Amino acid sequence: MKAAGILALIGCLVTATEPKVYTRCKLAKIFSRAGLDNYQGFSLGNWICMAYYESHYNTTAQTELEDGSIDYGIFQINSFTWCRRAKLQEKNHCHVACSALITDDLTDAIICAKKIAKETEGMNYWQGWKRHCEGKDLSEWKKGCEVS
């Protein structure tokens, strides 16, 4: 009986940590409603393209870097500068826990991404965007999506 209870608890924990991978059109709608279309002069296609190449639209994506920092969430926001893991020396410019950037609710991630685009060199912060999206026709990224 005890084993069944433990297995049920483990099942709940596994379910709670399953990644949410958005579709392109669902993200287009979320991003549009959040005011990302033409934010800092970058079209919605830029944001959708960047999110794809940074995380493949996976909200729980995490990438550990050589310097020991971690990139979090759909926008791969770095723990050293933008969010708080646990260390007090981290800068946390977005005033958010890194764990808030890997949830299905994209509010904190979008607010932080806007801050990054505004306070740095636009979208140059994101290497995926620089390599795959910058200077390209990105109209296809929102094609076929109902964006309000």
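Five helices and three strands make up the secondary structure of the protein chain, with helices (H or I, at least four residues) and strands (E, at least two) taken as DSSP runs numbered from the N terminus. Read from the N terminus, their order is α-α-α-β-β-β-α-α. This is a predicted model, in which local features need pLDDT of at least 70 and side-chain atom pairs count only at pLDDT 80 or more, while totals for chains, interfaces and linings use all residues. Residues are numbered from 1 along each chain as its sequence is written, and side-chain values use heavy atoms, leaving out hydrogens and water.

**The chain as a whole**
- Of the 148 residues in the protein chain, 39% are buried (under 20% relative accessible area; exposed is over 50%, partly exposed in between, with a 1.4 Å probe and protein chains only).
- Among contacts (heavy atoms within 4.5 Å) between residues at least 6 apart in sequence, 55% join residues at least 24 apart.
- The protein chain exposes about 8,600 Å², and carbon and sulfur atoms supply 54% of that area, as computed by the Shrake-Rupley method with a 1.4 Å probe, where for residues only the protein chains shown count as cover.

**Salt bridges**
- You can look for two salt bridges here (a side-chain nitrogen of Lys or Arg within 4 Å of a carboxyl oxygen of Asp or Glu).
- One joins Lys115 and Glu119, at 2.9 Å from N to O.
- These two residues are about one helical turn apart, because Lys115 and Glu119 lie four residues apart in helix H4 (residues 107–119).
- Glu119 is partly exposed at 48% relative accessibility, and Lys115 is partly exposed at 27%.
- Another links Glu140 with Lys143, whose closest N and O atoms are 3.7 Å apart; both Glu140 and Lys143 are exposed.
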